[in-house]
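Q: I am new to this structure. Can we go through how to read its features step by step?

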Amino acid sequence: MRRQIDDVRDMLQALIGPPGSPPRDYRETRALFDAGGASRPMPEGWTTTPVSLGRPAEALTGPEAREQAVILYLHGGGYVVGSPVSHRGIAAHLGQQARARVMVLDY
């Protein structure tokens with residue numbers, strides 16, 4: 001059985017490229033990172049709504065999310081990679097476990 005960490009390692013290797021290869025353009029890296037993250041689906045019944053938190057963001061809401069419980073999810077990526085698209089699945093799973101809505105900031 002394949003472990004999830006193996007999927008993460010494969011995704012990171014695809015972003016970096018083979019050893020000794022020239023660095024990728026940041027736009028290509030972002031697109032690859034978004035595609036990898038988008039392959040992790042949100043839990044069933046979860047939806048996304050564009051919102052603004054002073055910057056573009058997404059509100060993720062699930063069927064058991066409590067209205068008063070909100071998580072602000074700030075993805076990693078060093079201001080180079082990462083977006084609501086790449087982290088939507090993991091953020092929604094976090095919200096599902098906490099029974100909370102999740103706001104994912106786009107930066």
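Q: Which elements cover the buried residues of α3?
A: This is a predicted model, and the reading applies to that model. The cover over the buried residues of α3 includes α2 (26-38), β2 (56-61), β3 (66-73) and β4 (100-105).

Q: Which residues of α3 are buried?
A: A residue counts as buried under 20% relative accessible area. In α3 that holds for P84, S86, H87, G89, A91, A92 and G95.

Q: Where does helix α3 bend, and by how much?
A: The helix covers residues 84-98, and its bend of about 30 degrees is at I90.

Q: What caps the N-terminal end of α3?
A: The cap is S83: one of its side-chain oxygens lies 3.1 Å from the backbone nitrogen of V85.

Q: What follows α3?
A: R99 comes after the helix, in the loop between α3 and β4. For the backbone angle, start with the general idea: most residues other than glycine have a negative phi. R99 is not a glycine, yet its phi is positive, at about 55 degrees.

Q: Is T29 buried or exposed?
A: T29 is in helix α2. It has a relative accessible area of 13%, so T29 is buried.

Q: Which residues is T29 in contact with, leaving aside its neighbours within four places in sequence?
A: T29 is then in contact with L15, R24 and V81.

Q: How many helices and strands are in the protein, and in what order do the elements run?
A: The protein has three helices and four strands. Read from the N terminus, the order is α-α-β-β-β-α-β.

Q: What does the C-alpha trace span along its principal axes?
A: The spans are about 50 × 40 × 15 Å.

Q: What share of the residues is buried?
A: Of the 107 residues in the protein, 31% are buried. The accessible surface comes to about 7000 Å², and carbon and sulfur atoms account for 57% of that.

Q: How many contacts join residues at least 24 apart?
A: The value is a share: 63% of the contacts between residues at least 6 apart in sequence join residues at least 24 apart.

Q: How many positive and negative side chains are there?
A: The protein has 12 positive and 11 negative side chains. The centres of these two sets lie 4 Å apart.

How values were computed. Residues are numbered from 1 along each chain as its sequence is written. This is a predicted model: local features need pLDDT of at least 70, side-chain atom pairs count only at pLDDT 80 or more; totals for chains, interfaces and linings use all residues. Side-chain values use heavy atoms; hydrogens and water are left out. The bend at a residue is the angle between axes fitted to the seven residues ending there and the seven starting there. Helices (H or I, at least four residues) and strands (E, at least two) are DSSP runs, numbered from the N terminus. Buried means under 20% relative accessible area, exposed over 50%, partly exposed in between (1.4 Å probe, protein chains only). Contact means heavy atoms within 4.5 Å. A polar contact is a pair of N or O atoms within 3.5 Å; within protein, one must be able to donate a hydrogen and the other to accept it, and residues adjacent in sequence count only if both atoms are side-chain atoms. Accessible areas come from the Shrake-Rupley method with a 1.4 Å probe; for residues, only the protein chains shown count as cover. Lys and Arg count as positive and Asp and Glu as negative; His and the chain ends are not counted. The place of a charge is taken as NZ of Lys, CZ of Arg, CG of Asp or CD of Glu.
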